[in-house]
Every structure is written in C-alpha cells, then in structure tokens.
Amino acid sequence: MNNHFESFVIVVPNIPESLESGQEMKESAKNASLDDVQIFFGFHPTKPDPYKHPLEVFEKENLNPENFLSNKFSRIPNAMCCFLSHFTLWKKCIEKNKPLFIFEHDARFIRDFDDRIIDKTTHCCTFGKPS
C-alpha cells in the first residue's frame with residue numbers, strides 16, 4: 001500500500017499495558033499493510049512535566065473544560081487527557097494541512113486495510129465502534 005497518511009497510535013506514557021498494547025496495535029497495522037504507525041505519548045494526569053494537569057492545558061489552549069466537569073465522567077482528569085491527546089494530533093493535522101490516522105492503543109486490524117477509503121474520506125472518519 002502507498003501510505004500517504006501519517007499514522008499514530010496513542011499510548012498512555014506511564015502505563016506498561018498501554019505501551020505493550022500500542023506495540024501490538026502497530027504490529028496488527030503492519031500485518032494489515034499499514035506500515036509506519038508512530039507511537040504518540042498521550043496525556044496522563046499524573047505524568048510529570050512536560051505533561052501538565054489537563055486543566056492547565058485546557059487554559060493554555062483556550063478550551064472550555066465545562067463539559068468535562070460534570071458527573072458524566074467517572075474519572076474527569078482521565079477523560080480530559082484522552083481528549084487532549086486527540087486534540088494535539090488534530091492540531092498537528094491542521095498545522096501540516098495533511099490528514100492523519102489516529103488509533104487508540106487497543107485498536108486492532110482484523111483484515112487488510114482497504115486504502116480506497118482514503119479517497120472517499122474528506123473529514124473525520126471513525127473505524128469501529130467507540131466504547
């Protein structure tokens with residue numbers, strides 16, 4: 001396959017299971033003809049600098065955290081960090097003016113990647129079903 005998109009798998013930096021799962025995701029992608037998936041170290045509320053508490057990053061990025069500060073999420077800082085990890089890669093996509101593939105560490109390919117989807121995707125595309 002001609003990979004003309006950068007691809008990233010988000011892992012949680014200080015959780016060994018996430019790092020291992022991210023490597024397994026990369027291997028499943030490679031087996032599905034999607035090479036060169038890069039590890040992206042996502043945000044985590046207890047990781048020391050340069051990773052700040054999510055509220056500090058929301059403030060720096062001029063984001064409103066109000067939707068996260070409800071009882072809707074059982075672990076508010078974790079939900080905010082998940083969002084910020086994706087947000088950072090979305091910004092990279094905009095800055096480079098190129099599409100990116102963004103995968104969770106627990107994503108797995110179960111068949112070859114059909115790159116015809118690339119020509120049909122103009123915005124954001126979700127594969128699978130979010131949890």
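Reader: How many aromatic pairs does the structure hold?
Author: Seven. Keep in mind that this is a predicted model.

Reader: OK, what sort of pair do Phe 58 and Phe 83 form?
Author: A tilted one, with 5.7 Å centre to centre and 40° between the planes. The pair links distant parts of the chain: Phe 58 belongs to helix H2 (residues 54–60) and Phe 83 to helix H3 (residues 76–96), 25 residues apart.

Reader: And Phe 58, buried or exposed?
Author: Buried, because its relative accessible area is 1% and the cut-off for buried is under 20%. Phe 83 has 24% relative accessibility, so Phe 83 counts as partly exposed.

Reader: What about Phe 103 and Phe 109, what kind of pair is that?
Author: That pair is edge-to-face, at 5.5 Å centre to centre with 65° between the planes. Phe 103 counts as buried, because its relative accessibility is 9%.

Reader: Which residues form the aromatic cluster?
Author: Phe 58, Phe 68, Phe 83, Phe 87 and Trp 90 form one cluster together.

Reader: Switching to the core. Which residues make up the largest nonpolar one?
Author: There are twelve, including Phe 5, Val 9, Met 25, Ala 29, Phe 101, Phe 103, Phe 109 and Ile 118. H1 and strand S3 (100–104) are the elements that give two or more residues to this core.

Reader: What does Phe 109 touch, leaving out residues up to four places away in sequence?
Author: Met 25, Ser 28, Ala 29, Ala 32, Leu 34 and Phe 103.

Reader: Now the strands. How do S1 and S2 run?
Author: Parallel, with five bridges joining S1 (residues 6–11) to S2 (residues 37–41). Val 11 stands opposite Phe 41 in S2. Between the two strands the chain passes through H1, and this β-α-β crossover is right-handed.

Reader: Where does Leu 19 lie?
Author: In helix H1, which spans residues 16–31.

Reader: What does Leu 19 touch, again not counting residues up to four places away?
Author: Val 11, Val 12, Pro 13 and Phe 41.

Reader: How exposed is Leu 19 then?
Author: Leu 19 is partly exposed, because its relative accessible area is 31%.

Reader: And how far apart are the C-alpha atoms of Leu 19 and His 105?
Author: They are separated by 7.6 Å, with the two residues 86 apart along the chain.

Notes: Residues numbered from 1 in each chain as written. Predicted model: local features only at pLDDT ≥ 70, side-chain atom pairs only at ≥ 80, totals over all residues. Heavy atoms only, no water. Helix = DSSP H or I, 4+ residues; strand = E, 2+ residues; numbered from the N terminus. Buried < 20%, exposed > 50% of the residue type's maximum accessible area, 1.4 Å probe, protein only. Contact = heavy atoms within 4.5 Å. Phe/Tyr/Trp six-rings, centres within 6.5 Å; stacked < 30°, edge-to-face > 60°. Pairing = 2+ DSSP bridges. Right-handed = clockwise from strand over helix to strand, strands pointing away. Core = buried A, V, L, I, M, F, W, Y, C linked by side-chain atoms within 4.5 Å.
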